[in-house]
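Please open the model in your viewer and keep the selection panel to hand. We will go from stop to stop, picking residues and looking at what surrounds them.

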Amino acid sequence: MPTVPFIIIGLIVLFIFASIFTVKQQTAAIIERFGRFKSIRQSGFQLKIPVIDKISGRLSLKIQQLDVIIETKTLDDVFVRLKVSVQYKVIKEKVYDAFYKLDYPHDQITSYVFDVVRAEVPKMKLDDVFVRKDDIAIAVKSELNEAMMTYGYDIIKTLVTDIDPDAQVKEAMNRINAADREKTAAQYEGDAQRILIVERAKAEAESKRLQGQGIADQRREIARGLEESVEVLNKVGINSQEASALIVVTQHYDTLQSIGQQTNSNLILLPNSPQAGSTMLNDMVASFTASNQIGEAMKNSKTKKLDK
């Protein structure tokens with residue numbers, strides 16, 4: 001029959017195609033023969049016996065990541081949600097253990113993460129959880145490595161990628177932080193105000209000192225001028241007492257002249273009469289004369305007492 005050769009050729013082609021398979025890079029294929037483990041095939045071109053051999057499964061040898069969300073309570077009774085990211089891979093030399101010893105590796109890893117996190121976090125306060133998140137990650141990695149190595153899995157790294165307290169707790173923490181910042185700002189403002197007051201007082205004190213020094217210098221120059229004026233008057237036969245009275249009267253009239261030059265002045269000089277200058281001069285001369293007489297009398301009295 002002419003169709004028989006074509007059937008045989010077709011069966012041979014099917015046999016060949018059924019015998020050939022490929023394994024991708026970073027992947028391992030598990031071959032079973034009649035339901036029993038036969039071999040592990042790595043990446044590349046591979047052969048198997050059709051019908052007898054079967055590809056039971058394939059495992060990726062790449063690094064994989066599993067994100068686990070855990071809710072637990074801290075030492076200060078705050079409920080918090082943590083996100084732990086576990087990076088792991090199948091050990092190339094232990095593909096058999098990874099395939100046959102664990103049906104659901106994700107569930108196994110998740111259970112260990114829950115166990116470690118719920119054992120570590122309740123020992124810490126909320127602030128410490130944020131500060132020591134790396135310690136939590138290290139504890140999870142250590143526990144997982146010890147347990148999962150038996151099943152052919154290598155834990156590359158564990159990361160605590162998120163710490164999310166209850167919304168009310170976060171709001172309270174924000175209020176506390178804001179209050180602390182306001183307190184610090186108030187302290188800085190108080191310090192600045194105090195420094196400003198101290199510097200202003202120092203400036204005022206320096207101003208007063210310089211002003212006093214100026215007044216003292218002014219009075220010193222006035223006294224020097226008066227002394228020179230008295231010397232000039234003495235040279236023309238006017239004694240010191242009359243010269244002093246004359247100078248005072250002269251200053252009196254100079255003051256009146258200065259006041260008259262200012263149109264908006266409210267100063268009232270008393271006594272303010274045409275005879276004020278002459279009266280002042282006469283009074284001063286009389287007082288100087290009386291003081292001289294009193295001085296001479298006191299001197300004579302002392303002399304008599306000494307003679308007795």
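**Before you start**

This is a predicted model, in which local features need pLDDT of at least 70 and side-chain atom pairs count only at pLDDT 80 or more, while totals for chains, interfaces and linings use all residues. Residues are numbered from 1 along each chain as its sequence is written, and side-chain values use heavy atoms, with hydrogens and water left out.

**Stop 1: the whole chain**

Of the 308 residues in the chain, 22% are buried. Buried here means under 20% relative accessible area, exposed means over 50%, and partly exposed is in between (1.4 Å probe, protein chains only).

If you draw contacts (heavy atoms within 4.5 Å), take the pairs at least 6 apart in sequence: 64% of them join residues at least 24 apart.

**Stop 2**

Select Val-140 in helix H5, which covers residues 133-148. Val-140 has a relative accessible area of 0%, so it is buried. Not counting residues up to four places away in sequence, Val-140 touches Val-113, Val-116, Val-117 and Thr-158.

Next, pick Thr-72 in strand S6 (residues 64-73). At 7% relative accessible area, Thr-72 is buried too. Setting aside neighbours within four places in sequence, its contacts include Val-78, Phe-79, Val-117 and Pro-122.

Then move to Asp-97 in helix H2 (residues 95-100). Asp-97 has a relative accessible area of 17% and therefore counts as buried. Leaving out neighbours within four places in sequence, Asp-97 is in contact with Leu-102, Thr-150, Tyr-151 and Gly-152.

**Stop 3: the largest pocket**

Which residues line the largest pocket? Select Gln-25, Gln-26, Thr-27, Gln-42, Ser-43, Leu-61, Lys-89, Val-90, Ile-91, Lys-92 and Asp-154. A pocket is an open set of points on a 1 Å grid over the protein atoms alone where a 1.4 Å probe fits, with protein on both sides within 12 Å along at least five of seven lines; lining residues have an atom within 4 Å of a point. The volume is about 190 Å³, taken as the space filled by probe spheres set on the points, which are joined across faces, edges and corners.

Colour the lining by class and you get three nonpolar, five polar and three charged residues. Ala, Val, Leu, Ile, Met, Phe, Trp, Tyr, Cys and Pro count as nonpolar, Asp, Glu, Lys and Arg as charged, and the others, Gly among them, as polar.

**Stop 4: two positive phi angles**

Stay with Gln-26, in the loop between strand S1 (20-23) and S2. Its phi is near 60°, a positive value in a residue other than glycine. Gln-26 is partly exposed, at 37% relative accessibility.

Jump to Val-51, in the loop between strand S4 (44-47) and S5. Val-51 is not a glycine either, and has a positive phi near 70°. Its relative accessible area is 83%, so Val-51 is exposed.

**Stop 5: salt bridges**

A salt bridge is a side-chain nitrogen of Lys or Arg within 4 Å of a carboxyl oxygen of Asp or Glu, and the count comes to eight.

- Asp-53 pairs with Arg-33, the closest N and O atoms being 2.6 Å apart. Asp-53 lies in strand S5 (residues 53-60) and Arg-33 in strand S2 (residues 27-33), so the pair ties together parts 20 residues apart in sequence. Asp-53 is buried at 5%, whereas Arg-33 is partly exposed at 29%.
- Lys-73 forms a salt bridge with Asp-77, at 3.6 Å between the closest N and O atoms. Lys-73 is partly exposed at 35%, and Asp-77 is exposed at 55%.
- Glu-199 and Lys-202 meet at 3.9 Å, N to O. Both lie in helix H6 (residues 167-235), three residues apart, about one turn of the helix.

Definitions and conventions. Helices (H or I, at least four residues) and strands (E, at least two) are DSSP runs, numbered from the N terminus.
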